[in-house]
Amino acid sequence: MAAQALYRRYRPARFAELRGQESVVRALQNAVQQGRVGHAYLFSGPRGTGKTSTARILAKALNCTDLGEDGEPCGRCQSCLDIAGNTSYDLIELDAASNNKVDDIRDLISRVAMGSPGKAKVYVLDEVHMLTTGAENALLKTLEEPPDHVVFVLCTTEPHKVVPTIRSRTQHLEFNLIGGDVLADHARWVVEQAGLAVGENAIDHAVHRGAGSARDTLSALDQIAAAGGVADRLDAIDEIVEALGGQDYGPAFAAVHEALRSGREPRIIGEALLDRLRNAFLSAMGADLGHLTDAQQKSARATAAQVPPAGLTRALEILGTALVDMRQAPDPRVDLEVALARLTRRDLDTDLSSLLERVERLERHGPAPPAVPNGGDGAAPVPTAPPSARRSEGPASGHERARAAIAQIQANQTGRKPQALAPADQDFGPVSSSTSDRTPKPTLGAMRAGKTFSSPPANPQTQSSDGSGDASPMLPTREEVVLAWGDGILAGLPNRVRVRFQAGRFLAHDGDNVVFALPNKIHLDRCEETRADVDDALSRHFGRTVPLRLTIDDESAAPPPGVEPAGSPSTPPVPDSAEAVNESERGDEEGVTRKAISNLMAAFPDSELVTFDPSAARGPRDFSP
């Protein structure tokens with residue numbers, strides 16, 4: 001004969017033995033004591049929380065011949081023994097999941113009026129939400145006005161699927177998940193009564209597997225006892241969580257590989273990791289963790305200390321999506337590994353939030369210097385100075401290093417002593433028109449192409465496309481137009497206009513107009529249709545009319561003002577970039593500049609270094625008292 005499962009052997013037989021459902025027990029006991037038991041009840045709640053067991057105890061209490069003053073059945077009379085042995089005619093249990101047709105309910109109704117040996121006849125319909133529409137309608141009249149000796153108890157795990165017409169005819173009692181400490185005490189009591197040789201770790205694991213369900217907890221405990229210990233504990237979860245906290249993908253992949261090699265399902269690993277991270281998130285948010293055991297609460301706090309709340313939120317989102325994708329994936333392992341790669345290697349994640357986080361990190365700390373393998377060719381790594389030394393010796397952030405590099409390039413081209421540009425957040429004093437330098441600065445792309453930077457005219461505002469100084473003084477410089485275009489003019493245009501104009505670029509003045517080049521004739525004709533919006537935007541920004549001429553982009557056109565082609569007879573050629581930034585000839589200061597530029601270019605491939613004058617962009621300020 002097969003051994004009886006623990007959850008059947010130790011099924012509650014009295015109201016006092018029900019765990020974690022104090023409000024339901026109190027309501028039913030009071031109703032039994034006062035003789036005010038309803039004709040129909042709806043028991044709803046998660047699986048394994050005692051719904052059917054409570055219905056059986058209620059049937060005992062209504063038919064017990066020696067009922068206690070507290071409403072508890074004696075458990076010794078013939079009626080209680082028959083109900084406990086499933087031989088009573090006073091208790092009829094029907095599985096509505098398999099007996100859900102109209103004929104099944106009509107057969108039940110036809111026997112409702114028949115008498116029984118006991119004082120009350122209790123009908124228990126389990127999973128009542130599975131009834132068909134016809135069966136529900138057939139039950140309504142009898143459920144509303146049953147015979148005096150009949151009590152209906154409807155049980156369901158999904159009360160929202162029960163039609164309102166049935167819910168309104170019943171008293172609804174809700175069963176909750178059982179707390180971790182309560183389940184642990186109950187499991188210890190079962191272990192002691194059954195004489196099982198299991199340790200505290202096994203009990204904790206069974207409670208964790210049960211997740212608030214007494215039946216699932218005892219089933220897990222039964223399995224552990226049969227296996228002689230915990231057979232499916234995922235130690236890999238601890239290693240994965242530690243890898244997430246340290247942003248180290250190696251241990252995470254090794255732990256997953258080892259778990260998969262030992263026969264674990266990828267989905268089981270993902271669900272266990274998701275459960276651990278959810279508990280940690282609740283701990284970080286200060287939520288009540290009473291449903292967890294002491295060991296689980298300690299683990300949740302430790303995980304919350306390793307992974308910040310933002311990382312936990314992102315991990316829950318990515319893992320949840322991966323678990324959904326695993327249902328249709330040909331190889332679920334790939335979804336799990338890709339999710340872990342995105343969580344431990346931010347550079348592999350193309351999600352917008354991850355990209356924004358990387359940009360913010362670069363803006364705060366600047367790009368990391370490129371790693372040089374040991375024993376390889378290249379310059380030796382520069383030792384990192386402490387933060388206080390970096391602040392005293394020179395710029396430390398990415399913004400400051402970039403601005404210092406620009407200042408050094410300008411000094412190299414003009415032969416003046418380099419002047420450090422003020423940081424972007426520094427307050428500027430009054431700026432006079434004589435000190436406002438709007439001269440176009442050389443770009444790194446021009447230096448690489450071997451182009452020179454010619455001396456600008458005395459008044460940049462009168463500069464023409466050929467450098468002759470014949471342009472209208474009312475026209476803004478090309479640099480001003482480009483900066484204004486990128487800072488806000490383009491973004492403020494209507495969608496239809498912005499889409500057409502975003503493919504073009506500004507060229508130098510032609511004397512009377514600002515020249516805007518487009519890729520081809522078709523694009524130019526389409527932009528001509530909407531150029532009035534651009535003219536209005538330029539006029540509003542600069543406070544005056546800015547004539548605009550559209551043309552087709554020609555790569556052979558003259559370069560912008562201040563930049564002449566290499567080999568021009570008016571200026572001698574500039575040495576190549578290796579000579580321009582020769583550290584041995586320019587000294588230690590030039591070497592620092594070179595390293596800063598290298599770091600920037602390594603972080604932003606295919607980028608072009610441009611200059612920015614804060615005083616010209618912000619305008620003069622009045623700091624007079």
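Close-up 1. Asp107 is partly exposed because its relative accessibility is 42%; here buried means under 20% relative accessible area, exposed over 50%, and partly exposed in between, with a 1.4 Å probe and protein chains only. Arg111, at 40% relative accessibility, also counts as partly exposed. Asp107 and Arg111 form a salt bridge whose closest N and O atoms lie 3.3 Å apart. A salt bridge is taken as a side-chain nitrogen of Lys or Arg within 4 Å of a carboxyl oxygen of Asp or Glu, and by this rule the count comes to 17.

A note before the next views: this is a predicted model, in which local features need pLDDT of at least 70 and side-chain atom pairs count only at pLDDT 80 or more, while totals for chains, interfaces and linings use all residues. Residues are numbered from 1 along each chain as its sequence is written, and side-chain values use heavy atoms, with hydrogens and water left out.

**Close-up 2. Arg169 meets Glu144.** The side chains of Arg169 and Glu144 form a salt bridge at 3.4 Å, N to O. This pair links distant parts of the chain, 25 residues apart: Arg169 sits in the loop between helix H7 (164-167) and strand E5 (171-174), and Glu144 in helix H6 (residues 133-144). Helices (H or I, at least four residues) and strands (E, at least two) are DSSP runs, numbered from the N terminus. Arg169 is partly exposed, with a relative accessible area of 21%, and Glu144 is partly exposed at 36% relative accessibility.

**Close-up 3. Helix H11 packs on helix H13.** H11 (residues 236-246) and H13 (residues 266-284) pack at an angle of about 60 degrees, with their axes 10 Å apart. H11 is therefore oblique to H13: angles under 35 degrees count as roughly parallel, over 145 as roughly antiparallel, 65 to 115 as roughly perpendicular and the rest as oblique. Ile237, Asp238, Ile240, Val241 and Leu244 in H11 meet Ile269, Ala272, Leu273, Arg276 and Leu277 in H13, where contact means heavy atoms within 4.5 Å.

**Close-up 4. Asp238 and Arg276 bridge the two helices.** What is the separation of the closest N and O atoms in the salt bridge of Asp238 with Arg276? Those atoms are 2.7 Å apart. The pair links distant parts of the chain, with Asp238 in helix H11 and Arg276 in helix H13, 38 residues apart. Asp238 is partly exposed, with a relative accessible area of 39%, whereas Arg276 counts as buried at 18% relative accessibility.

Note on methods. Axes are lines fitted to C-alpha atoms, for helices over the stretch in contact, and angles run from 0 to 180 degrees between N-to-C directions.
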